[in-house]
Amino acid sequence: MTLATGIDLVDIAFWDRPPGERLADFARLRERGAPVFFAEPRVPLVRSGKGFYALVRHADVVEASRNAKVFSSEPAATSPEPPPWLAKVFGTPMVNMDDPAHARLRRIVFRAFTPKMLARIEDDIRATAARIVDDVIKDGPGDFVEQVAARLPIHVICSMMGIPEEKRPYVLSRIDAMTEYSGVRGSLASPRTMRLLAGNLKAIVDLHRLVARLGEARRQNPTDDLVSALVNANPDGERLSVKELGSFFDLLLVAGNETTRNALAHGLKLFTDHPDQRDLLLAEYDERISTAAEELVRYVSPIIQFRRTLTTDYELNGHALRAGDKVVLFYLAANRDPEVFTDPDAFDITRSPNPHVGFGGPGPHLCLGANLARMELRIMLRELFDRLPGLRASGEPEYLLSSFDNGITRLPYTWG
Ligand code: HEM
């Protein structure tokens, strides 16, 4: 805890408090101006113990994202930083790399996200969204997360990667193990954290094995799917090794699954709580869905934070940071900065411009899947509201206890 503020972003109890209280504390941190330091105890395997400065102002998050030479993503952008042996065993995901290694990977995997590739999977996303709503109508309302929000993103990533249908329940069970750990990983080591860490590692091994087999098969016999494109050379002769393919798949699952799932679940809650915004959207869906999706991502900030390590001494916002210092970029706080957003706590689907940092700040690590996420939100919300016009949350959400994913684990809903 910092004595000056009485706020403790390191204590998992902070993340268990109601979202409104947390935002009020972030507003207090923002008003202080200079970044506030939070000490972290060292916990073997789980936490480095170096502590970090919290960046909560929009300008600071943008500056750190943009200046990647000073604000490095190595050794890790995730908190807590994984121990070095983990990267040796599983490879390093691109989100934890700097250029030129990062730029090389980004050039190779960019092929997954070109407009041509996205156009190719658009029909597939539409068909999946329709199937989800068919099932919902057949089964009746229950939990929106399980029946709707969790289903679309994982299906999209699996079909991008060419994971066969029959393997998908297995992939889902592995992801659940990873999500459970991601919820507690910010907390101090306890028998439960360590058990979930072991489950998380096993899940990563299982998923790597699955895609490694797929990668080997596509290297022998290329088809027109993404894995074939990634493991066989691009025009510059670059390709992913099987280990890199495994880390890329992990990253897609972590980056593209829970994020979009949480944006959808929060979206239903927000459109229920703000019927005026919902009516506005539905009156002119095609015209308003683009700004609505951006506002959703700003307001929710599905990813709460990523971390950087300073490569050199640097003055940020009047504060002297030293080489080796850690900073954590709190997108959630930057997205409510009144210096940038008028009436930042209002959910306004017509907000424009909307320079939010929900997909990360401008810079080399800006979310690769942003256009895919926008497409998923546009298609899924349309399918839902077209076919279930009375759709709304019918109770309070249950939130994931996490300092990383702004997650909803359960959301009762109805459309009657
Ligand atoms: C609403 C949904 C999403 C949100 C809020 C989100 C957020 C983010 C953020 C904040 C970063 C920046 C990381 C950094 O600066 O260190 C990021 C990076 C990334 N995202 Fe997303 N994301 C979303 C959806 C997706 C989807 C659907 C995919 C792919 C299927 C994806 C793939 C990636 C990848 C690969 C990176 C790493 C880029 C790099 O390091 O160069 N994301 N995302």
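This is a predicted model: local features need pLDDT of at least 70, side-chain atom pairs count only at pLDDT 80 or more; totals for chains, interfaces and linings use all residues.
1. Cys367 sits in the loop between α16 (331-334) and α17. Its relative accessible area is 31%, so Cys367 counts as partly exposed.

2. A search of the whole structure returns zero disulfides. Take Cys158: its closest cysteine sulfur belongs to Cys367, 18 Å away, which is too far for a bond. The cut-off for a disulfide is 2.5 Å between the sulfur atoms. Cys158 has 0% relative accessibility and therefore counts as buried. Cys367, in contrast, is partly exposed.

3. Nearest residues. The ligand has 26 residues around it. His102, Arg106, Arg308, His365 and Cys367 come nearest.

4. Which distances separate ligand oxygen atoms from the side chains of Arg106, Arg308 and His365? For Arg106, a side-chain N or O atom is 2.7 Å from a ligand oxygen. For Arg308, the corresponding distance is 2.8 Å. For His365, a polar side-chain atom lies 2.7 Å from an oxygen atom of the ligand.

5. Elements of the shell. Two or more residues each come from α5 (101-109), α12 (242-256), α13 (258-273), β4 (305-310) and α17 (370-387). The element that gives the most is α12, with four residues.

6. By class, 16 residues of the shell around the ligand are nonpolar. Eight are polar and two are charged.

Definitions and conventions:
Residues are numbered from 1 along each chain as its sequence is written. Side-chain values use heavy atoms; hydrogens and water are left out. A residue is near a molecule or strand if one of its heavy atoms lies within 4 Å of it. A polar contact is a pair of N or O atoms within 3.5 Å; within protein, one must be able to donate a hydrogen and the other to accept it, and residues adjacent in sequence count only if both atoms are side-chain atoms. Ala, Val, Leu, Ile, Met, Phe, Trp, Tyr, Cys and Pro count as nonpolar, Asp, Glu, Lys and Arg as charged, and the others, Gly among them, as polar. Buried means under 20% relative accessible area, exposed over 50%, partly exposed in between (1.4 Å probe, protein chains only).
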